Amino acid sequence: MPDRYDVLIIGNGIAGSSAALFLAEAGKSILLLTKGEDLEDTNTAKAQGGIVFRGEGDNPSFLIKDIMEASAFTSYTASARLISRLGPPLVQKLLIDRLQIPFDRRNGKWDLFREGNHSFRRILHVKDYTGKVIQEYLNKAVLHEPLIEVKKNSLALDLIVSSRDTPHPESRYLPLECLGAYVWEEEAQEVIPILASATILATGGLSEIYRYSSGGPWNTGDGFAIARRAGARLSNMEYVQFHPTLLYTPQYSSSFLISESVRGEGAELISANGEPFMYRYHPRGSLAPRDVVARAIFQEMKIHESNCVYLDFRQKMEPRKIKDTFPTIYEELLQRGIDITQEPAPVAPGAHFACGGVLTDTRGRTTIKRLYAAGEVACSGLHGANRLASTSLLEGLTFGYRAARDIVKHSEELPNFAVLPFREKWGEPPPENILRSLKEIIRINMWENVGLIRERRGLSQSLQILTAMKKEIAHLKEEYGISPALLELENMAETALLVTEEAFKNPLSRGTHFRLDAFDP
């Protein structure tokens with residue numbers, strides 16, 4: 001018999017872990033899955049800057065205004081309002097009061113950062129490794145909670161849905177329900193169906209589909225792909241945010257990210273000839289919205305025929321402040337031969353955050369009954385066409401809570417039913433050189449054709465490349481059978497195709513989706 005739980009949560013970043021803690025408080029039994037070997041292998045742990053709280057003289061209406069402006073007025077107002085009013089109290093309740101995360105203080109008050117497009121200093125942080133500390137404290141709490149079972153090295157292969165994965169013919173005529181997931185367990189070396197009264201997707205992002213990215217290697221778009229295969233509605237997939245300032249090296253794929261908070265503290269972007277340039281592109285200069293900054297850097301690189309621009313920390317910061325405020329960035333760059341107290345750092349853009357995803361309402365509910373989504377894999381509408389800095393952790397926390405609360409209020413017990421075996425033939429992975437080559441084709445294609453600047457011809461070419469890629473993967477599955485490595489490749493291809501299709505269909509330049517051939521309404 002398959003294992004059964006009240007709630008299955010796929011992903012253990014701030015969205016998944018906070019949901020698990022809130023559900024455990026209500027007495028629910030939870031299985032929390034991560035495909036990584038380490039509970040720190042999350043996007044949450046890589047978040048340097050911080051989490052939105054509330055600044056002096058600040059209030060929810062100001063945050064709503066900043067969210068809407070950053071998104072080019074495409075955010076869903078209900079989600080912006082919800083996050084602005086509920087998010088900061090949840091930070092206080094879970095992160096400060098319960099977990100007692102040691103956010104930085106100065107003179108007895110919170111030492112708050114200001115980041116791009118924020119009208120107040122309102123970002124709580126722990127130096128420049130905030131996400132790492134938040135993840136560590138979440139992990140401790142989760143592992144000490146007896147109602148939460150944690151399984152590492154467990155890859156969700158597909159959701160179990162009523163119309164496809166049960167033998168009952170009438171289920172085909174009823175609304176879709178998610179009944180759990182098929183999971184590959186590394187330790188058991190087998191596919192295990194796991195049933196749950198509710199399932200939460202919290203799988204993170206898709207940045208690995210791009211050649212240059214800030215994310216970890218786990219960001220292969222798994223949640224987007226399995227939700228699509230299950231029949232869930234996805235939205236805003238064309239809106240992929242590029243972080244402006246990845247440390248540039250000749251091989252800077254999955255490179256070190258330099259937080260936007262350094263510009264909030266006074267670091268200035270300068271061109272290859274040493275001149276500040278951002279005020280030519282936006283009245284807020286280096287504190288402009290991320291999409292504006294990323295495209296401005298891209299344009300400057302083209303103008304000067306250079307591979308990067310530079311981030312000068314010395315504009316408004318003394319060496320001691322640089323070392324005290326940004327110790328991780330300082331030490332990392334020093335190990336790479338760059339002393340940011342003495343010289344600027346070379347930076348270039350890279351894929352960073354998916355603003356779209358599995359469509360949810362303000363309770364985290366998707367278009368499939370019993371299936372919820374939270375965090376980067378979800379599209380709550382909060383980010384619209386462009387995410388406001390440091391709202392990602394706040395969104396994960398808030399919608400993790402909202403999903404948990406809805407499950408406690410409205411979840412129904414699963415009836416007894418039979419589950420069909422996992423439908424794919426299992427086997428050994430194809431040779432590593434084949435997998436590596438196909439992944440690189442996806443990444444280069446997405447960077448060149450569906451990157452910072454897009455146009456119809458390139459998008460059409462991407463559709464052709466990715467359609468052919470799906471056929472090639474189907475042949476590999478037939479020859480070798482399915483395996484975790486091949487499934488991740490398939491998820492990358494499906495997610496890349498989702499992004500390309502939506503970018504091709506959308507003729508309007510908004511936020512992160514910038515088309516040279518944009519339709520002017």
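User: How many bridges join strand E16 to E18, and do the two run parallel or antiparallel?

Analyst: Strand E16 (residues 357-359) runs parallel to E18, and 2 bridges join them. Two strands pair if DSSP finds at least two bridges between them. Helices (H or I, at least four residues) and strands (E, at least two) are DSSP runs, numbered from the N terminus. Note that this is a predicted model: local features need pLDDT of at least 70, side-chain atom pairs count only at pLDDT 80 or more, and totals for chains, interfaces and linings use all residues. Residues are numbered from 1 along each chain as its sequence is written, and side-chain values use heavy atoms, with hydrogens and water left out.

User: Which residue stands opposite Val 358?

Analyst: Ala 378 of E18 does. Now step back to the sheet. It is open, has 3 strands in the order E11-E16-E18, and its pairing is mixed. Strand E11 (234-235) and strand E18 (378-379) are the edges, each pairing on one side only.

User: What should I look for in a strand such as E8?

Analyst: Start with the general idea. In a regular strand the side chains alternate between the two faces of the sheet. Then check burial. Buried means under 20% relative accessible area, exposed over 50%, partly exposed in between (1.4 Å probe, protein chains only). Strand E8 (residues 154-161) is mostly covered, with 8 of its 8 residues buried. Its partner is strand E9 (residues 178-185), joined to E8 by 7 bridges in an antiparallel run. Within that pairing, Leu 159 stands opposite Ala 181 in E9.

User: And a helix? Which residues of H3 are buried?

Analyst: An α-helix has 3.6 residues a turn, so residues three or four places apart point the same way. In helix H3 (residues 60-70), the buried set is Leu 63, Ile 64, Asp 66, Ile 67, Met 68 and Ala 70. These buried residues pack against strand E3 (51-52), helix H4 (77-98) and helix H9 (290-303). Just after H3, Ala 72 has a positive phi of about 60 degrees.

User: What does Thr 398 touch?

Analyst: Contact means heavy atoms within 4.5 Å. Setting aside neighbours within four places in sequence, Thr 398 contacts Leu 82, Ile 83, Leu 86, Gly 87 and Leu 90. Thr 398 sits in helix H12 (residues 392-410) and is buried, at 0% relative accessibility. Its side chain also reaches the backbone oxygen of Leu 394, at 2.8 Å.

User: Which residues touch the most other members of the largest nonpolar core?

Analyst: A nonpolar core is a set of buried Ala, Val, Leu, Ile, Met, Phe, Trp, Tyr and Cys residues joined through side-chain atoms within 4.5 Å. The largest one has 87 residues, and Ile 51, Leu 95, Ile 258 and Phe 313 touch the most other members. Take Ile 51. Beyond its neighbours within four places in sequence, its contacts include Ile 14, Val 91, Leu 95, Phe 103 and Leu 397. There is a second, separate core of 59 residues, with Cys 178, Ala 196, Met 446 and Ala 493 among them.

User: Is the pair of Tyr 210 and Phe 242 stacked or edge-to-face, and why?

Analyst: Their ring centres are 5.2 Å apart and the planes stand at 80 degrees, so the pair is edge-to-face. Tyr 210 lies in the loop between strand E10 (190-201) and helix H7 (222-230), and Phe 242 in strand E12 (residues 240-247), so parts 32 residues apart in sequence are tied together. Tyr 210 is buried at 0% relative accessibility, and Phe 242 is buried at 3%. Both rings belong to one aromatic cluster, formed by Tyr 210, Tyr 212, Phe 242 and Trp 447.

Technical notes
Polar contact = N/O pair within 3.5 Å; in protein donor to acceptor, adjacent residues only side chain to side chain. Phe/Tyr/Trp six-rings, centres within 6.5 Å; stacked < 30°, edge-to-face > 60°.
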